[in-house]
Amino acid sequence: MKGLWGVSLLVLALWRLWAGGLCQEDAAVYIVTMKQLPTAHYYDQARRLGSSAVGARNSGAFATLNKPISRNASRTDTSYSSYLIRLQDSLLRRALRGEKYLKLYSYHYLMNGFAVLITSQQAVKLSRRHEVANLVLDFSVRTATTHTPQFLGLPQGAWVQEGGPESAGEGIVIGFIDTGIDPTHPSFSDSLSINQYPVPAHFSGVCEVTRDFPSGSCNRKLVGARHFAASAIIRGIFNVTQDYASPFDGDGHGTHTASIAAGNHGVPVIVSGHHFGNASGMAPRAHIAVYKALYKSFGGFAADVVAAIDQAAQDGVDIISLSITPNRRPFGLATFFNPIDMSLLSAVKAGIFVVQAAGNTGPSPKSVSSFSPWIFTVGASAHDRVYNNCLVLGNNLTISGVGLAPRTDSGSMYPLITAIHALRNGTTEMSEFLGECQDSSYMNEDLTDGKILICSYSIRFVLGLSSIKQALETAKNVSAVGVIFYMDSFVTGFHLNPTPMNMPGVVIPSTDDSKIFLDYYNSSLVRDETSKDIIKFGGTANILGGLKANYSISAPKVMYYSARGPDPEDTSLTDADIMKPNLIAPGNLIWGAWSSLGTDSADFQGESFAMISGTSMAAPHIAGLAALIKQKFPSASAAAVASSLSTTATLYEREGGPIMAQRVYRNPDSSELPATPFDMGSGFVNATAALDPGLIFDTGYDDFISFLCGINGSSPVILNYTGHACGVSSMTGSDLNLPSVTVSFLNGSRVIVRTVTNIANDEYYTVSWSSPYGVSFSVTPTQFFIASGQQQSLILVLNATMNSTYASFGRIGLYGNQGHKAIIPLSVISKVTQITT
């Protein structure tokens, strides 16, 4: 790779010294795009024009492309890439003659440009050069199982179709842009299979070798690993002791997401000495390529992420999984025009399916952090496995809690004592932190021996400054028999995962229940009438334990933290005509592999598996399931994979009722309503049905370009990013041939066309629909016959029947006589009955 991923920290430190003059001024990292076509676009144009000459370097029109291009020539022929890099270097020398600057990356495969450390004055000079198409300031990004294969029906469904877990995903490479990977974990071993397991011939990536990631770390399962940190290092925020200048995962997040998508089948999950079953990824036979661009101590930066995307595409990955989101909405004309999304557009053009986490900023409307229609955005749902832990008080009151912990002795009740009441005599430091049980040296063991210790769970636990693991050590040191954590009233809206405990313990996640518990404890204290000193701890309790899983029939449901639509088109929160999220998948309480040095969760340090939650966990579920689709349909476009997942999604939970969505942070289960498309997209993923969708909605690169050209004022931005000159386009997001319909503003009436392609046998279809409230709606035809490989257009007519600024929803159902069905969600936000001029 032409960049800094392989440059040692020592060399980078020397470069920082060399560029010291820059660092003292207003130097910053900028991402610069040049006008010449990137390598992937250039070779595709040359192929279509019947030319292989490198001399034709001007951009031109692209024909509609709904099938992935062959990437072999563009990935193996380095002559054009070398030419682009020489042009970039020449530009910098001429534009900044005699001045100091530092080029961090050359982008050449998906995007022709570079990342460079320069001053604002130098940025102005570069922006004025005719060779420069676009210049933006770098921005920051952040990170957003044992049972979910069974919950998704894989063992009896999709895996059976692919030959069982020993074959599911074989030959498909998933590229993970995350915090790296722990290559020593058994989930990524290639020695568990007795069958042949070759590295796919189309993949050309390499395994970076460093002190932290020694030779032999990669194998036939983990086929590639690199790291990208130049933008972070040059800022002086890279912490070598935590972040590792290698593909090794010092956080845990990347190891977790990779195992969810493609971890080996049948790996025992043993945490704190307890066995929680056997783990498997969604596509246990798929291969993993890691592109580390996020880090424990600071997150990540777009310059590094774009370099990772560019390299992953050039290496030949089939799927890119991003459990990351930007820290803010991109500035500019539209959210779609940012370096990450535009590089992913080129990846989709090359046939790569791109999946991204929706973000964990729900349940507020317009909180989604994955914006573009070519990216498959995934929200988080609960699945049917839960770990319950209960506390029985001496007054026979039962309080629910969380904690993967054993129980206290059956039938016995134990006295209770808070950490504050257990302090040694003479303790003068009455810090509130003493109530968190982080230091046993302050406690009187004579008071705590044989009792259950009560600790405060404060915001410091959320921030990682205190930990349950340390509190358990404290309890052991003072001979307590168990631990109860009550929720501080200031901790609201944070999702608590069941934490493994090697002694009886429970966390009360509700502040209301915590108050009830503390009221019982305080009312049970016996005090001296004169001195008011405590003379007896009268409260008692028994911890029932939470090691055994329970299964609910009401799953799935949308989690409160899962980011919601409608999709914001710009920073002013204008609604886009694009449905987001696309789908929901299991993201709550997910077991996954954990790095041996992972520090993302202090309570899982030293463990080989962790149970965590978020849309970061939902996205790799879809990446793994997409690998099964790509295995069955190798030539499927990214849009075809997206359509297969979307149209086959389920709208119902296990009991047959509608999927519900949590609506509030505080006590989220108390405020649930039926989920809308802005909560769950097309619904909850149906892994087996997605392998046989019948009909698909295909969309090509040129369709996305036409959509972008339809945004008022976008022509120069598109020319700068893609080299494509916009003609006249009136296309909106509603006109894209997506497996959903969103109209942000229905002004009187609207006609929309959708086209389906039959990838199954000949079939007769019947069309039915439900209309959004305040909209008269119809579809033509209502019945049709479609032969295998043929297309059928559907005419959708919408008429506003009332004025409203509230979103309303409907659905279109296509039902085939061979058992196929396709469900398309319909969303209309603002409606006016009279056409205005």
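**Contacts and burial in the model**

Reader: Let's start with Arg-129. Is that one buried or exposed, or partly exposed?
Author: In this predicted model, Arg-129 is partly exposed, with a relative accessible area of 25%.

Reader: And which side chain does Arg-129 meet in a salt bridge?
Author: That would be Glu-131, with 3.3 Å from N to O. Glu-131 counts as buried, at 10% relative accessibility.

Reader: How many salt bridges does a search of the whole structure find?
Author: There are 15. Another one joins the side chains of Asp-190 and Arg-220, at 3.1 Å from N to O.

Reader: What does that pair tie together?
Author: Asp-190 and Arg-220 both lie in the loop between strand S6 (173–178) and strand S7 (222–227), so their contact ties together parts that are 30 residues apart in sequence. Asp-190 is buried at 17% relative accessible area, while Arg-220 is partly exposed at 30%.

Reader: OK, switching to rings. How many aromatic pairs does the structure hold?
Author: It holds 19. Among them is the pair of Tyr-105 and Tyr-107, which is stacked, with 6.1 Å centre to centre and 20° between the planes.

Reader: Are those tyrosines buried or exposed?
Author: Tyr-105 is buried, at 1% relative accessibility, and Tyr-107 is buried too, at 0%.

Reader: What about Phe-678 and Phe-809, how are their rings arranged?
Author: Their centres are 5.2 Å apart and their planes meet at 80°, so this pair is edge-to-face. Phe-678 belongs to helix H20 (residues 677–680) and Phe-809 to strand S41 (residues 808–816), so the pair ties together parts that are 131 residues apart in sequence. Phe-678 is buried at 5% relative accessible area, whereas Phe-809 is partly exposed at 26%.

Reader: Which residues do ring pairs link into a cluster?
Author: Phe-238, Tyr-295, Phe-298 and Phe-301. Phe-301 also has Arg-235 lying over its face, at 3.9 Å from the ring centre.

Reader: Nice. And what sits over the ring of Tyr-701?
Author: The charged end of Lys-349, 5.2 Å from the ring centre.

Reader: Back to helices, then. Which residues are buried in helix H6?
Author: In H6 (residues 120–127), Gln-122, Ala-123 and Leu-126 are buried. These residues cover an arc of only 105° around the axis, so they end up on the same side of H6.

Reader: Last one, the surface. Which residues form a nonpolar patch there?
Author: Ile-459, Val-462, Leu-463 and Leu-465, with about 350 Å² of accessible area together.

Reader: Where does Ile-459 lie?
Author: Ile-459 is in helix H15 (residues 459–462). This isoleucine is partly exposed, with a relative accessible area of 33%.

Terms used: Residues numbered from 1 in each chain as written. Predicted model: local features only at pLDDT ≥ 70, side-chain atom pairs only at ≥ 80, totals over all residues. Heavy atoms only, no water. Buried < 20%, exposed > 50% of the residue type's maximum accessible area, 1.4 Å probe, protein only. Helix = DSSP H or I, 4+ residues; strand = E, 2+ residues; numbered from the N terminus. Arc of directions from axis to C-beta. Patch = residues over 30% accessible without salt bridge, like charges linked within 9 Å, V, L, I, M, F, W, Y side chains within 5 Å. Areas by Shrake-Rupley, 256 points an atom, 1.4 Å probe, with all protein chains shown as cover. Salt bridge = Lys/Arg side-chain N within 4 Å of Asp/Glu carboxyl O. Phe/Tyr/Trp six-rings, centres within 6.5 Å; stacked < 30°, edge-to-face > 60°. Lys NZ or Arg CZ within 6 Å of the ring centre and 35° of its normal.
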